[in-house]
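Below are some numbered remarks for a colleague who has the coordinates open.

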Amino acid sequence: MSNTKALPAKLNSETIVLRPSRGWIPLNLHELWVFRELIYFLTWRDIKVRYKQTVLGAAWAILQPLINMVVLTFIFGNLAKLSTDNIPRPIFTFTALLPWGLFSKALADAGRSMLANRSMITKVYFPRLIIPLSSVLGGLVDFFIQFAILLGMMLYYRITPTSAVWSLPLFVVLSLATALGFGLWLSALNVLYRDVGYILPFLTQIWMLVTPVAYSAKVVPAEYQFLYALNPMVGVVEGFRWALLGARPPDALTLAVSTVITMIALISGMVYFRRMERTFADMV
Amino acid sequence: MSDLAIRVDNLGKQYRIGVQNDYYPTLRDALTQAVLYPYRVLRYGLPSQHETIWALRNISFEVKQGEVLGVIGRNGAGKSTLLKILSRVTEPSEGYAEIHGRVGSLLEVGTGFHPELTGRENIYLNGAILGMKRTEIQKKFDEIVEFSGIEKFIDTPVKRYSSGMYLRLAFAVAAHLEPQILVVDEVLAVGDAEFQRKCLGKMSDVASQGRTVLFVSHNMSAILRLTQETIVLEGGRMLMRAPSNQAVDFYLSSGLSQSGEKRWPKEEIPADSYPFRPIALRLRNPQGMVVETVRSTEPVEVEVEYELASAINGLRIGIYLMNTHGETIFTSFDTDDGEMYEKYSVRPAGHYVSRCIIPADLLNDGRYILGLNASVYRLKRYFHEPNVLNFTVDSTGAPGKQWFEVRQGFIRPRLSWQIEREAYAFEQG
């Protein structure tokens with residue numbers, strides 16, 4: 001055991017004041033930076049644990065979207081016959097399933113995260129935002145594995161990415177931000193109302209139907225396009241197909257509306273989460 | 001700036017009863033309540049304050065840098081709430097506190113341990129949760145593993161660990177946290193004697209390095225050994241702050257631990273104990289007085305008073321005796337005896353008292369805890385409360401008191417010794 005030299009020199013460097021908080025609480029994003037290593041460790045834990053004690057392990061990351069692709073390709077190609085802008089249907093669907101999978105998993109994980117980590121919340125202090133944040137980030141590894149498969153499929157179909165491929169990271173960030181924004185609301189509500197756990201599956205199911213995963217956004221009539229754009233995932237999915245497969249570019253207005261909605265969800269989510277934060281340890 | 005580590009001023013924490021524990025409001029409840037609210041207000045007036053309790057109120061004290069302060073009190077006295085506020089897990093409802101320096105809390109070891117991860121992985125994860133930097137953990141990694149004594153299993157998932165190994169690893173991580181202020185809650189209540197010694201050693205190391213420690217425990221000898229001053233909490237209020245020996249003495253002698261009798265008010269009895277209803281558990285000395293301290297040289301009577309709202313087949317009333325480390329010393333039921341078992345195979349409704357005598361010269365010095373159980377073997381447990389009544393055994397006048405030493409062991413029987421000088425054995429050599 002080390003001696004007194006382990007004591008930091010400036011004893012009063014950190015003074016913490018504890019008092020009841022009232023009204024609006026500052027977001028304190030600086031504190032998230034201080035705790036960045038914890039974000040890393042919790043994300044790492046989620047990834048590490050995800051496929052433990054499964055026979056197929058990380059293969060599930062690939063199998064899930066592949067199975068989805070086969071099912072959706074069959075239903076929408078052979079039965080519903082919706083347009084794909086002349087792109088081979090399997091890759092048309094798979095390209096959309098990637099950002100969609102990233103988003104829906106991040107949303108569901110974030111929504112459940114506060115309850116799943118309740119033992120930590122009631123014992124140790126850290127900025128609670130870290131919990132939904134790290135569960136959103138945990139999906140990225142699966143996404144990268146799936147992305148490698150997508151590249152393989154593009155080789156097979158001899159599709160070269162367009163020059164718009166630079167915008168891909170932006171769409172990834174947009175889908176994560178959307179997931180985090182709504183995930184923050186859901187996770188805070190879930191502490192108060194366990195109903196959220198039951199709502200989540202329906203929410204993601206319905207959300208997928210109003211996102212152009214299995215069909216092209218073109219099929220939505222023009223008068224509904226604005227309403228449709230309120231779903232930020234429309235811009236993300238269209239953007240993916242545009243950047244990688246050379247489909248028609250997403251409408252600028254759609255993208256602008258999506259971004260605004262995402263920002264609103266994210267900021268209001270953080271504010272609400274911070275407001276509820278003080279009661280989490282007592283309620284969870 | 002002074003050399004203060006913690007300053008607490010008029011701190012209070014209010015909980016809403018019901019909401020706090022097992023009542024999860026659903027959206028439906030919230031909606032119906034919102035709809036019915038105006039009606040309720042018209043009919044019953046504004047919601048009353050009865051639904052809240054103050055778990056802690058009007059607490060003010062200061063802790064200097066390097067001071068080790070003990071916190072004692074009964075269960076529910078507010079000790080854990082105080083520590084939770086100071087370690088920022090929960091917010092105070094009123095008052096103010098300031099803390100100078102990084103706080104490390106050991107409210108429970110092993111927080112965030114994941115069963116699927118290996119010991120090595122959990123050290124990093126748990127360290128990060130407790131607020132250590134990665135470089136810090138790397139530097140101390142070998143020390144942590146060595147302290148835990150589980151080198152061989154460091155790459156095994158912790159779900160395969162025994163509970164003892166799990167605990168040792170968890171404590172090893174926590175013990176290497178080097179905050180300026182350490183907040184500890186009952187960590188020492190668990191583990192074997194050897195491990196507890198190690199933990200206590202670690203704690204006094206921390207204290208001797210000039211760090212501030214706030215130490216909550218039921219283990220009075222640990223409080224006396226590690227702390228200079230102690231505060232006594234009762235019902236959410238601070239009763240006193242004094243040098244630890246005075247505080248412990250006050251706590252043990254003031255009858256804060258229910259003075260030899262426990263009565264159950266109606267609202268404290270769980271609904272599922274019906275038709276059994278406990279009324280009181282008391283200790284009486286040979287003169288028939290209800291006492292909190294009993295002499296080891298005298299028998300003591302344990303009296304259980306209860307009611308049965310309807311007849312129960314095969315009911316047995318039992319007492320548990322535990323020491324303050326939570327180890328059970330004995331269990332006994334009122335129908336242990338074959339004749340009693342036959343006679344009371346059915347107990348009709350009514351008011352009962354079951355009595356037994358704990359014989360003289362059985363228990364050693366110390367604090368003991370009595371628990372109560374009412375059950376039907378293998379069928380139903382009507383009532384079970386392991387921690388009903390505390391009492392002290394005083395061994396003045398017991399055999400061996402001519403030596404002023406602490407006798408090891410839970411019991412202190414008066415054994416009848418014979419000493420003979422055996423000439424034959426001596427000669428054989």
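1. Contact is used throughout for heavy atoms within 4.5 Å. The model is a predicted one, in which local features need pLDDT of at least 70 and side-chain atom pairs count only at pLDDT 80 or more, whereas totals for chains, interfaces and linings use all residues. Residues are numbered from 1 along each chain as its sequence is written, chains are lettered from A in the order in which they are written, and side-chain values use heavy atoms, with hydrogens and water left out.

2. Met270(A) lies in helix H12 of chain A, residues 252–283 (helices are DSSP runs of H or I with at least four residues, strands runs of E with at least two, both numbered from the N terminus). Once neighbours within four places in sequence are set aside, Met270(A) is in contact with Leu27(A), Leu29(A), Leu129(A) and Leu184(A). The C-alpha atom of Met270(A) is separated by 9.9 Å from that of Gly183(A), a residue 87 residues away along the chain.

3. Is Met270(A) buried or exposed? Met270(A) counts as buried because its relative accessible area is 15%, where buried means under 20%, exposed over 50% and partly exposed in between, with a 1.4 Å probe and protein chains only.

4. Between chain A and chain B about 4900 Å² is buried, 58% of it on carbon and sulfur atoms; buried area is the accessible area (1.4 Å probe) that two parts lose on being put together, summed over both. The contact draws 48 residues from chain A and 57 residues from chain B.

5. Three salt bridges are counted between chain A and chain B, a salt bridge being a side-chain nitrogen of Lys or Arg within 4 Å of a carboxyl oxygen of Asp or Glu. The side chains of Lys48(A) and Glu121(B) form a salt bridge at 2.8 Å, N to O. On the side of chain A that touches chain B, the elements giving two or more residues include strand S1 (15–18), helix H2 (36–50) and H12, and H2(A) gives the most, with nine residues.

6. Arg367(B) sits in strand S19 of chain B, residues 366–376, and is buried, with a relative accessible area of 13%. Its side chain makes polar contacts with the side chain of Glu292(B) at 2.8 Å and with the side chain of Thr392(B) at 2.3 Å. A polar contact is a pair of N or O atoms within 3.5 Å; within protein, one must be able to donate a hydrogen and the other to accept it, and residues adjacent in sequence count only if both atoms are side-chain atoms.
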